Structure formats: C-alpha cells, structure tokens
Amino acid sequence: MVAVRLREVAYTWSPMHQNIMNGLWKDAAVKLRKRVADNWSSALTLVVPVASTYWYAEHFRQEEKLHHRTLEKNHRSG
Amino acid sequence: MVRRLSILKQPIFSTLNNHLIDYPTPSNLSYWWSFGSLAGLCLVIQIITGVFLAMHYTPHVDLAFLSVEHIMRDVKGGWLLRYMHANGASMFFIVVYLHIFRGLYYGSYASPRELVWCLGVVILLLMIVTAFIGYGKLRQMSFWGATVITSLASAIPVVGDTIVTWLWGGFSVDNATLNRFFSPHYLLPFIIAGAAILHLAALHQYGSNNPLGINSSVDKIAFYPYFYVKDLVGWVAFAIFFSIFVFYAPNVLGHPDNYIPANPMSTPAHIVPEWYFLPVYAILRSISNKSGGVAAIGLVFVSLFALPFINTSYVRSSSFRLIHQKLFWLLLADCLLLGWIGCQPVEAPYVTIGQIASVGFFFYFAITPILGKLEARLIQNSNVCEDLKKKRRFVDNQSFFKSLIATLPKWIHQFQKSKHENILYTNPDYLFQLLWFLKYHTNTRFQVLIDICGVDHPSRKRRFEVVYNLLRATAKSPNKVLICAKQMRRCRSLQRDGHDLSNRYTARDTQRDELPMENIACRERESQGIANPWAIPNRVFETQLNGEKKLFIFFFFICEREV
C-alpha cells in the first residue's frame with residue numbers, strides 16, 4: 001500500500017463571480033430526453049421479462065380457475 | 001496555506017489520514033459508490049440498536065415473545081429500537097445488494113480487485129447467517145422458517161442428522177436453539193466489522209474503480225472533503241428512506257404471522273423467509289431433491305467467489321460492453337423474478353418459472369468466460385474504430401496543435417515539436433488565459449499539472465522561462481503538452497542560485513536578473529479576485545545544469561495557498 005500525499009488544493013471563484021448549482025434544473029427536458037434515449041433499451045431489458053412473466057403467471061392462474069367451465073362445456077357438447 | 005496538524009503525522013492518526021482524509025479517490029465517482037459507506041452506517045445502526053435491545057430481551061422459550069412485547073410497550077423508546085433493528089436489517093440488505101450490482105455492472109470485481117470482491121462475498125455470507133439466526137425462534141414464521149432451513153443440514157451425507165441435532169440442541173427447535181442462536185447473533189456483527197475493515201484495506205491497495213472502468217491514477221482528488229460530502233448526501237437520502245419505513249410502515253417488510261407465538265403443533269400454510277432470502281430460497285425450492293437444492297445454494301456462492309477469476313474481458317465497465325450490459329439487466333430481472341417466486345406457493349406455474357429463472361441465474365456466470373472473448377472479437381472485426389478516426393477532430397498531434405494555434409493566434413506565438421514533447425510558447429500576459437483554456441475547454445481538458453519548472457538561459461539577455469507541464473487523462477493524442485512563458489526578466493528567489501551557478505558560465509557578476517516566482521498573470525488576476533487555475537511555485541527543490549543547451553532547469557515545489 002502506498003499512501004500518496006496530494007500536493008494540490010482546489011481553487012474557487014469568489015461568490016461574486018460564480019453561481020452555485022445553477023444548472024440543476026436547467027434544460028431539464030433535454031437532459032431527461034437524453035437519459036431516456038441512452039437507457040430505453042436497458043430499461044426494456046429489465047422490465048419486459050419481469051412484466052411478461054408476471055402477466056403469464058396471472059393468466060395461467062386465471063385459466064386454471066376457469067378450467068372447470070371448459071370441462072363442463074366439452075362434456076355437454078360431447 | 002492549508003495547515004496540517006502535527007497530530008496527523010503520529011502513527012495511528014497518520015494511517016487514518018492516509019486512508020480517510022487525504023486518500024486519493026477517482027474524481028468521477030458517481031452516487032453508486034456511496035453504498036459502501038452506507039453499508040458501514042447500516043452495520044453501526046444494527047450494532048447500536050442490537051446492543052440496547054439485548055439489554056431488555058430474554059432468550060428463553062417462555063419469555064422471548066413476551067420480552068419483545070415488553071420492549072415495544074414498556075421500555076422507553078423500545079418500539080423505536082425494535083423497528084430500527086428490524087427494518088435496519090432490510091435496509092442493510094438493500095444497500096448491500098445495490099452495492100453488489102454496482103460492482104457487477106462496472107466490473108469492480110475485475111483484476112486487480114479480486115480480493116476485495118471475495119471479501120465482500122464473505123461479508124454477504126456472514127450477513128445472511130447473522131440475519132437468519134437473529135430472526136428469532138419463538139414466533140410462528142420464525143420458528144417454522146428456522147425448522148425448515150436448519151433441517152437442510154440433514155442433506156449432508158453420513159453426519160447430516162447429527163449436525164441438525166447439534167444445531168437444534170435437541171430434537172426440535174426449542175430453548176436450546178434459541179440460546180445457541182442468540183449468542184453468535186451478538187458476536188457475528190463484530191466479525192463482519194473486522195471483515196469490512198479487511199475489505200476496505202484490500203480496496204485501498206489498488207484504489208477504487210470508477211464508472212469508466214479505466215485507470216484513474218492521473219486524476220484523483222482527496223477523499224475529504226469531496227467524497228465525505230457526497231457520502232453525506234447519500235446518508236441523508238438513506239435516512240429519509242429508512243425513516244419512512246420505521247415511522248410509517250414498520251411492518252410492511254415483515255410477515256404478519258410473526259405476531260403469533262410459535263406453535264409447534266400448527267404449521268403455517270406457506271412458510272417463507274424474510275424478503276432478502278427469497279431469491280436463494282427460490283433456487284433451493286426449484287430442485288425437488290433436498291441435497292440438490294442445498295448444492296444449488298452452495299453453487300450460488302461458489303459462482304460469486306469465482307466471478308473475478310472466470311472473467312475474460314479486458315474492458316471493465318458495462319458502459320463499453322454492450323452485450324454484457326444487456327446480460328446484466330437480464331440478471332437483475334432474473335433476481336427480481338426469483339424473489340417473487342420465492343414467496344409464491346409451490347404449484348404451477350410458479351415451479352416452472354422458478355426452475356427457468358434458476359437456470360438463467362447460473363447462465364450469467366456460465367457465459368462470463370466466453371463473453372469477454374466474444375466482445376473482444378466483435379470489436380476487432382468491426383469498422384467502428386476506423387469510422388471514429390475519420391470522423392473525430394484533433395486526430396493526431398499535428399492537426400491538434402494546428403487547430404489550437406488557429407483558434408488562439410494571439411495567445412500562442414510559437415509551436416515547437418520534438419520527438420517526445422510538444423511545446424507551445426506564449427507571452428506571460430496571456431499565460432493565465434491559455435492555461436485556463438487548456439484546462440477547461442471540452443476539446444483540450446489538460447486538467448493535470450505534472451510539474452512547473454524554470455529554465456535559465458544564462459547566455460540570453462532575457463534569461464528566464466517558466467514551463468508548465470500539462471497532462472490530460474484521456475485516450476486522445478496528444479496527452480501531454482508543455483507551455484513555455486518566455487521573455488521573463490526578474491527572478492527574486494532564483495537570484496542567489498542563478499547568480500552562483502551562472503558564475504561558472506559567464507562573468508556577469510553585476511547582472512542580477514530576477515524572475516517573479518508568483519505567476520505574473522496570477523498576480524494581476526488576484527487583484528481582480530480571480531484565482532490561478534493551479535498552485536503557485538514557491539521554492540526551488542532541484543537544480544539541473546544542461547551544459548549542452550547552456551541552461552539551468554529549476555524544479556519547484558508546488559505549494560498550497562489560500563485564495
């Protein structure tokens with residue numbers, strides 16, 4: 001392990017010459033659009049498998065609940 | 001000048017200073033790097049609340065449930081301690097899981113940080129054991145969960161049943177089990193704290209990773225105050241999130257059956273562990289054979305341990321690994337699905353989904369050795385690199401400096417290129433502006449000052465030059481440039497050295513040229529309240545004589561000064 005002593009200090013402008021965090025909400029729409037454009041595929045990769053699996057499981061259980069109606073229908077027609 | 005107390009130079013304090021205050025940290029760490037310190041905070045919260053809870057808790061089969069109710073109702077602040085401890089465990093696991101997934105995404109497990117990763121997996125294992133044995137045994141869900149999990153040990157051939165009996169301290173989960181679980185539950189957090197210190201020591205051997213996954217040694221800043229403040233922001237956000245659960249929804253992460261005293265004669269319809277165990281529980285249940293399920297759990301941790309050693313990619317961060325990026329999100333989706341499956345009953349379609357999700361989990365680790373090589377081959381075969389070279393500006397040294405001189409004709413009056421150096425010559429009047437431009441402009445970003453030196457040409461009338469050696473931490477070329485401010489006349493601090501040395505060279509004893517060691521442009525700017533972009537050279541610490549070129553080179557200490 002080598003501990004390195006830093007030989008620098010940060011300089012700042014005086015408060016009269018700078019604005020602090022003035023860019024936080026600036027161009028928020030543009031920033032949001034860029035974030036969506038960069039990450040939509042990753043978000044889809046995350047959400048689609050989870051949502052589709054959950055939907056499938058719920059659909060399967062619903063079909064299972066209604067399975068007796070299908071049986072009855074087949075019995076009557078058969 | 002920033003003062004350093006002499007106490008920071010004493011043995012123990014100097015270690016703390018080197019690792020917590022002046023520790024060099026990559027300047028581009030995002031908030032995803034705050035989860036490490038948050039995990040430490042959670043551990044401290046658990047230890048403190050746990051110690052105070054232990055003052056009132058009674059680990060006896062007849063009194064345990066009632067003692068917890070006593071804490072909740074009668075002990076002053078007992079409800080807060082209990083809810084902080086219970087929800088603190090959940091918070092601890094949320095923070096640690098996010099920390100792990102951050103490491104997976106940015107390749108923090110990759111060489112040379114294998115030891116850091118392995119120690120992290122050890123900490124995770126210790127946390128799981130601690131949380132399991134601290135879940136209590138005299139509540140309905142805790143009792144049956146402990147019965148199920150401890151009886152898994154019977155899957156071990158030959159000695160399995162003996163081990164289970166030893167764990168229980170009898171033939172079922174009873175008073176003996178409660179005591180022998182409570183004791184290590186008190187001890188293990190301190191073991192975790194020791195492991196966390198080792199984890200930090202291993203990390204500090206090579207330094208933190210960063211979102212780009214590249215070597216960051218050219219651009220590091222002190223941990224204090226920058227990341228102290230950044231972590232503080234994370235801590236405050238965590239405190240708000242934690243408080244919502246403790247004060248508004250303290251039981252939402254728990255199971256309502258745990259408000260029923262344990263009844264060995266009544267088995268709950270669905271036995272589920274706490275939420276943070278659900279993914280592993282789902283993998284366990286996906287294999288119908290008991291031994292197979294236990295082996296699958298073991299394989300999960302073996303895979304985590306082995307990950308740094310099976311990784312073949314030379315690119316760390318998933319920001320630059322498109323296939324791995326998609327696999328990472330699929331892994332995360334898979335883990336979420338496993339967590340959901342873990343709390344579902346063992347019936348169709350959850351069984352099939354759980355089995356597929358378990359295979360998917362191990363698929364990520366199985367494909368890791370192949371993936372790195374596949375991505376490397378795809379990059380080699382692609383035309384992306386060639387296209388980028390054609391499109392980007394400042395392609396090579398010559399065009400970069402041509403563009404720079406064309407952009408700043410007034411500030412740069414000469415450019416000299418040798419084999420290893422690119423030298424821009426400027427006038428002291430424009431030195432500040434040129435340095436500021438080179439440091440902050442998007443296309444230049446020479447943000448690192450390697451050194452400042454003065455050059456004395458005794459044979460010249462205007463003897464002195466000050467040379468700034470700049471570096472930029474990008475893969476673009478050029479990454480180094482020298483800025484030479486010529487035509488300087490006076491040298492106050494160099495007077496004696498320059499005069500003594502120049503006597504070997506010239507006989508001009510009466511000439512005392514002086515060079516102001518403060519940057520001339522800086523002095524002008526200071527009067528206007530604007531600071532120099534870098535520190536000010538102060539004292540000479542080395543002098544070299546270049547006889548061939550007939551000049552002296554003075555290297556300066558870069559000192560700190562207040563603005």
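Biologist: Which residues of α8(B) are buried?
Modeller: Among them are Phe181(B), His185(B), Leu188(B), Pro189(B) and Ile192(B). Buried is under 20% relative accessible area, exposed is over 50%, and partly exposed is in between (1.4 Å probe, protein chains only). Mind that the model is predicted: local features need pLDDT of at least 70, side-chain atom pairs 80 or more, while totals for chains, interfaces and linings use all residues. Residues are numbered from 1 along each chain as written, chains are lettered from A and ligands numbered from 1 in written order, and side-chain values use heavy atoms, without hydrogens and water.

Biologist: Where does α8(B) bend?
Modeller: At Leu187(B), by about 25°, with Pro189(B) following within four residues. The bend is the angle between axes fitted to the seven residues ending there and the seven starting there.

Biologist: And what follows α8(B)?
Modeller: Gly207(B), with a positive phi near 90°.

Biologist: Switching to strands, how many residues of β5(B) are buried?
Modeller: 7 of 9, in the stretch 448–456. Strands here are DSSP runs of E, at least two residues, and helices are H or I, at least four, numbered from the N terminus.

Biologist: Is β5(B) parallel or antiparallel to β6(B)?
Modeller: Antiparallel, over 8 bridges; pairing takes at least two DSSP bridges. Asp456(B) sits opposite Phe464(B) in β6(B).

Biologist: Last one: is Trp235(B) buried, partly exposed or exposed?
Modeller: Partly exposed, at 31% relative accessible area. Trp235(B) lies in α9(B), residues 223–248.
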